[in-house]
Amino acid sequence: MKERLIRIGLFALCLAPFGYLLYAAATSALGPDPAERIMHVTGEWALRCLLLTLLMSPLRAWRGWSLALRVRRMFGLFTFFYACVHLTSFLHFFAGWTSELLLEELLERPYITVGFGAWLLMLPLALTSTRAMQRRLGRNWRRLHRLVYPAAVLVCFHLLWLSRSDIGSALVHSALIGALLLWRLRGVFGRLLTSPGKV
């Protein structure tokens, strides 16, 4: 019962920013530039949910909190959800759903290119996030879901390229992602040395 309440609480917290955006849009409270506000909030929460997703494995190892692995999928899906809203907002407000303009933006703005690349890497992870797909793919499921690591690297590039006035925040978030990725790489290399072929 306690675990269920924790999961419901975490779900509500992750969904709250989207609820805020809906409320703010309905009450014209998004400020002088609603499009920019929506882009900022959804991108920020996609990043935060990604950090939480990457944090779950270390948290399980450090604190023995078994629930961490069971909520990791939820955080991962919220990462993709906010990334989708972020991308959809860009397509609607800035590209106007025009393929020519989208292609031009992808070619001329590197931060959009790497951001879109991160979204593409996360797409198969979201599509195969169910337990049924995990059973169906077997060991390949784990290999496929390592795409979260290059996706996280692309997110860092997207954030650093995009940030101009707030480079400090971008550096902090990128450093946190880098630290979590290094922790994961240390575990992978450790298993390679002790049990080759079982990574």
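1. Phe 81 has a relative accessible area of 28% and is therefore partly exposed, a class that lies between buried (under 20% relative accessible area) and exposed (over 50%), with a 1.4 Å probe and protein chains only. Tyr 82, in contrast, counts as buried because its relative accessibility is 0%. Phe 81 and Tyr 82 form an edge-to-face aromatic pair, with 5.2 Å from centre to centre and 70 degrees between the planes; rings of Phe, Tyr and Trp (its six-membered ring) pair if their centres lie within 6.5 Å, and planes under 30 degrees apart count as stacked, over 60 as edge-to-face and the rest as tilted.

2. Before going further, please note that this is a predicted model, in which local features need pLDDT of at least 70 and side-chain atom pairs count only at pLDDT 80 or more, while totals for chains, interfaces and linings use all residues. Residues are numbered from 1 along each chain as its sequence is written, and side-chain values use heavy atoms, with hydrogens and water left out.

3. The structure holds 10 aromatic pairs, and one of them is stacked, because the rings of Phe 78 and Tyr 82 have their centres 6.3 Å apart and their planes at 25 degrees. Phe 78 and Tyr 82 both lie in helix H3, four residues apart, which is about one turn of the helix, and both are buried. Helices here are DSSP runs (H or I, at least four residues), numbered from the N terminus. Ring pairs also link Phe 11, Phe 18, Phe 78, Phe 81 and Tyr 82 into a cluster.

4. Helix H2 (residues 34-63) and helix H3 (residues 67-94) have axes that come within 8 Å and cross at roughly 160 degrees, which means that H2 is roughly antiparallel to H3. For the angle classes, under 35 degrees counts as roughly parallel, over 145 as roughly antiparallel, 65 to 115 as roughly perpendicular and the rest as oblique; the axes are lines fitted to C-alpha atoms, for helices over the stretch in contact, and the angles run from 0 to 180 degrees between N-to-C directions. The residues of the contact of H2 with H3 divide into 21 nonpolar, eight polar and three charged, where Ala, Val, Leu, Ile, Met, Phe, Trp, Tyr, Cys and Pro count as nonpolar, Asp, Glu, Lys and Arg as charged, and the others, Gly among them, as polar.

5. H3 also packs with helix H5 (residues 110-127), at an angle of about 135 degrees and with the axes 10 Å apart, so H3 is oblique to H5.

6. Ser 28, in the loop between helix H1 (2-26) and H2, has a positive phi near 55 degrees, and Ser 28 counts as exposed because its relative accessibility is 67%. Trp 97, in the loop between H3 and helix H4 (99-108), has a positive phi near 60 degrees, and at 54% relative accessibility Trp 97 counts as exposed.

7. Arg 136 is found in helix H6 (residues 131-137) and counts as exposed, at 70% relative accessibility; Arg 136 and Leu 50 are 86 residues apart in sequence and 25 Å apart in space, C-alpha to C-alpha.

Terms used: Helices (H or I, at least four residues) and strands (E, at least two) are DSSP runs, numbered from the N terminus.
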